2 protein chains.
Amino acid sequence: MAWRKHMNLSQAKLKQAASLMEKHGLDCWIVEFARETGNRPDPLGYLVGTTVTWPSAFLLNRDGRSVAIVGSGDAGQVESAGVWDEVRGYVSSPRQELVKLLDEWRPNKIGVTWSQDDDTSDGITLGMYRMLESILEGTDHSSRLAQAGALAGEVRRRKLPDEVEGITSTIATTERIFQRVEGILRPGITARQLQQEVQRWVRESGSGFAWEERMNPLVDFGPLGAPQGHTLPGDTALRPGHLIHIDLGLIQNGFASDLQRTWYWLRDGEKGAPEPVSKTFAATLAAMDAGMAALRPGNAGHDVDAASRQAVMDHGFPEPQFAFGHHVGRVAHDGAGVLGPRWERYGKAPDVPVEPGNVFAVEMELEAPEYGLVGLEEQAIVDNDGARYMSNSQRELWLLPRKHR
Amino acid sequence: MAWRKHMNLSQAKLKQAASLMEKHGLDCWIVEFARETGNRPDPLGYLVGTTVTWPSAFLLNRDGRSVAIVGSGDAGQVESAGVWDEVRGYVSSPRQELVKLLDEWRPNKIGVTWSQDDDTSDGITLGMYRMLESILEGTDHSSRLAQAGALAGEVRRRKLPDEVEGITSTIATTERIFQRVEGILRPGITARQLQQEVQRWVRESGSGFAWEERMNPLVDFGPLGAPQGHTLPGDTALRPGHLIHIDLGLIQNGFASDLQRTWYWLRDGEKGAPEPVSKTFAATLAAMDAGMAALRPGNAGHDVDAASRQAVMDHGFPEPQFAFGHHVGRVAHDGAGVLGPRWERYGKAPDVPVEPGNVFAVEMELEAPEYGLVGLEEQAIVDNDGARYMSNSQRELWLLPRKHR
């Protein structure tokens, strides 16, 4: 049943894509032109619905017709996926079927999925693009290739209700795992031990990991060892006076989560967190609130980031070296726009406007030098007026052990 | 320990690559220029040793020096992977560090990893290639970009002893699983039930699947339903008079296997397989032997394929619609050359000469129309004089139930 639903969702997304093609000036979209996608997943694979071995072309016409041109060995499974209106098999080369289809459809602009700014809309490899050029060489179609990265991005980030439901469900599983963490936190446990226990719970839940396991979850106990950023969870043991920070992301039924939570372990006699810790938490929360207030249609990603970034600096903390937010969907970093500053490494992604139906991870991490890292990360969905949290947002620093509260 | 060994192997492969650069006319090789490789593995990742989130450049000089230019958030884990001599972090863009490094190294030819013919040497996406061009625009280096796909392929297919050992070990695990299959084969079991049981054994062994699980293993019982190729294992129940065909591939410690085995279930009173089945098996075996005899240095891939293909037709069977063999290594279809016909979909891959140190999967599948599919697939390693099987090759059709033999 889950599989069937997934297939219907691919078709619904292709329908959504067809309705957006005119806006992007495209008559036809080569959604995927790839090979061996079982070894190397294509970021458009969620629209295709299956992997392929041989060079395969998946084309969508702006009237909604869809055709897959695949090697004969792949045809059976592409048909059984039930996403594409027509599956045309080939033996020696996709050339003939591809040119024939374009002759039938007569598009003025043929979109190819690539993007300099967004990895999840950067579908085609350079080698496959050269193959496409060589197939179309000498035909009327060769001069009609256009960039479809922006369309791919819009389809990806405008979530349909079934996609929102999928993400919501993964968030719920992730939060249940966070709830279990307090039960095993105790002075002496190492970051690596905590990571292994959490990973056991994740596997029991039947979920996968949204990024590689040696960093999932990230676990930080106490003062940071490295000059910046995280280190892999190791032998650092939890001690009173430590901040406890966990960054965990799951994949469940093809949808991701990406959440951070923070605790503080009280020292003997402490009734609350020491002032540097409280101040850091307050600044982190203020940055989250400022960013959320700016997260609404009409603002660009960099506007949202700037609001959050300003709040950090207003609280006397150094400027963060990362973006305030990123899309969440099929993967934890779902691309197609970022709530980040206009730094070159983000390309044009910070300029993408916030739209209704977008789902973001919003996050802030600030250091309390003697105590460790405060990190908060939530999932938020945008509607016509603003944004609301999909996760049960952390509004106060959790103090351990609980008896002291 | 396994991890440490893996890291040394990446360094050994980079050393091997540096020694091959002069032959390929390259002074510097941008092994990987990629982002978010946790979501989308780069086929060169086995040389890089870790995944990255931000746009990252991994460069090898022909004198063996290696430098990673990575986002500050990725620097810690790239350093801890211990593969790259130097790790240079950046915050806003890799531009400055990349141009600076090329200014230091002053290469005449800068290899970029892409290939039209070989997916495992087709590393860079079109978007990342455009980013690279834009970074180098206006510098002396912009006109020095060259294609490094052939180098990437040669490094990939010339296996070091540790790589051969890894593949050998995965083959042994796969063969142990094949041995268990006879214990559960019985009339009435469905292809799907058999698949699920085999998958349980694979998981118990701690191995992964070399291709997607709904097709791994492929299981064919009796006459083929589809006009060509496989269907997903379903409700077809095993009956006397059926051929039983299984195609299974594992990944263990980063190395793949890809093997096929065939049985026949005797009907009441049968002492051996009926003539059409015996003839089909004999033709399959003859095609394997003919291909293996041609698998030696000096021959091109298409020569080896032709020998096997001719044997099939000499036995009165229709010409196969697939290649006789492919490399096996990090993945089941390890690319960089194919033992196949000069069909356009294979590009120039069939022209690649066979070399000592190559590891191939060689295979033949022929249909006995009333009975099903005979399929044999072995792994073979090439030395200076020819090739030998690494797997315990199937030389006769296995008859079930065993008491009848």
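A residue counts as buried under 20% relative accessible area, as exposed over 50%, and as partly exposed in between. Lys100(A), at 43% relative accessibility, therefore counts as partly exposed. The structure discussed here is a predicted model, and this classification of residues is used throughout the account that follows.

In chain B, a salt bridge of 3.0 Å, N to O, brings together the side chains of Arg309(B) and Glu319(B). Arg309(B) is part of helix H10 (residues 301-314) of chain B, whereas Glu319(B) sits in the loop between H10 and S13 of that chain, so the pair ties together parts that are 10 residues apart in sequence. The two partners also fall into separate accessibility classes. Because its relative accessibility is 8%, Arg309(B) counts as buried; Glu319(B), at 42% relative accessibility, counts as partly exposed.

Salt bridges can also be linked to one another. In chain A, a network of them connects Lys23(A), Glu154(A), Arg157(A), Arg158(A) and Glu355(A). Helix H6 of chain A, residues 149-157, is mostly covered, with 8 of its 9 residues buried. Among the buried residues of H6(A) are Glu154(A) and Arg157(A), and both of these are members of the network. The buried set of H6(A) also includes Gly149(A), Leu151(A), Ala152(A) and Val155(A). Over all chains, the count of salt bridges comes to 56.

The strands supply the next part of the picture. Strands of a sheet pair through backbone hydrogen bonds, in either a parallel or an antiparallel sense. In chain A, strand S8 (residues 218-221) directs Leu218(A) and Asp220(A) one way and Val219(A) and Phe221(A) the other way, and all four are buried. S8(A) pairs with strand S9 of chain A (residues 243-248) in the antiparallel sense over 4 bridges. Within that pairing, Val219(A) has Ile246(A) of S9(A) as its bridge partner.

In chain B, strand S15 (residues 359-368) is mostly covered, 9 of its 10 residues being buried. S15(B) pairs in the antiparallel sense with strand S13 (residues 325-327) of chain B over 3 bridges, and here Gly325(B) has Val362(B) as its bridge partner. S15(B) also pairs in the antiparallel sense with strand S16 (residues 372-382) of chain B, over 10 bridges. In this second pairing Ala361(B) stands opposite Gln379(B), and a hairpin of 3 residues joins S15(B) to S16(B).

Chain B also contains an open sheet of 3 strands in the order S7-S10-S11, with antiparallel pairing. Strands S7 (208-209) and S11 (255-256) of chain B stand at the edges with a single partner strand each, so one side of each is left without a neighbour in the sheet. S7(B) is joined by 2 bridges to strand S10 (residues 250-252) of chain B, with Phe209(B) opposite Leu250(B).

The remaining topic is the interface of the two chains. The contact takes 50 residues from chain A and 50 residues from chain B. Together the chains bury about 4500 Å², of which 48% is on carbon and sulfur atoms. On the side of chain A, Arg40(A), Leu126(A) and Arg345(A) lose the most area to chain B, together 16% of what that side buries. Across the interface there are 4 salt bridges, including one between Arg35(B) and Asp122(A) at 2.9 Å, N to O. There are also 31 residue pairs in polar contact. Helix H3 (72-81) and helix H5 (126-136) of chain A are the elements that give two or more residues to the side of chain A that touches chain B. H5(A) gives the most, with 7 residues. That side of chain A divides into 18 nonpolar, 18 polar and 14 charged residues.

Note on methods. Residues numbered from 1 in each chain as written. Chains lettered and ligands numbered in written order. Predicted model: local features only at pLDDT ≥ 70, side-chain atom pairs only at ≥ 80, totals over all residues. Heavy atoms only, no water. Buried < 20%, exposed > 50% of the residue type's maximum accessible area, 1.4 Å probe, protein only. Pairing = 2+ DSSP bridges. Contact = heavy atoms within 4.5 Å. Buried area = accessible area lost by both parts, 1.4 Å probe. Polar contact = N/O pair within 3.5 Å; in protein donor to acceptor, adjacent residues only side chain to side chain. Nonpolar A, V, L, I, M, F, W, Y, C, P; charged D, E, K, R; others polar.
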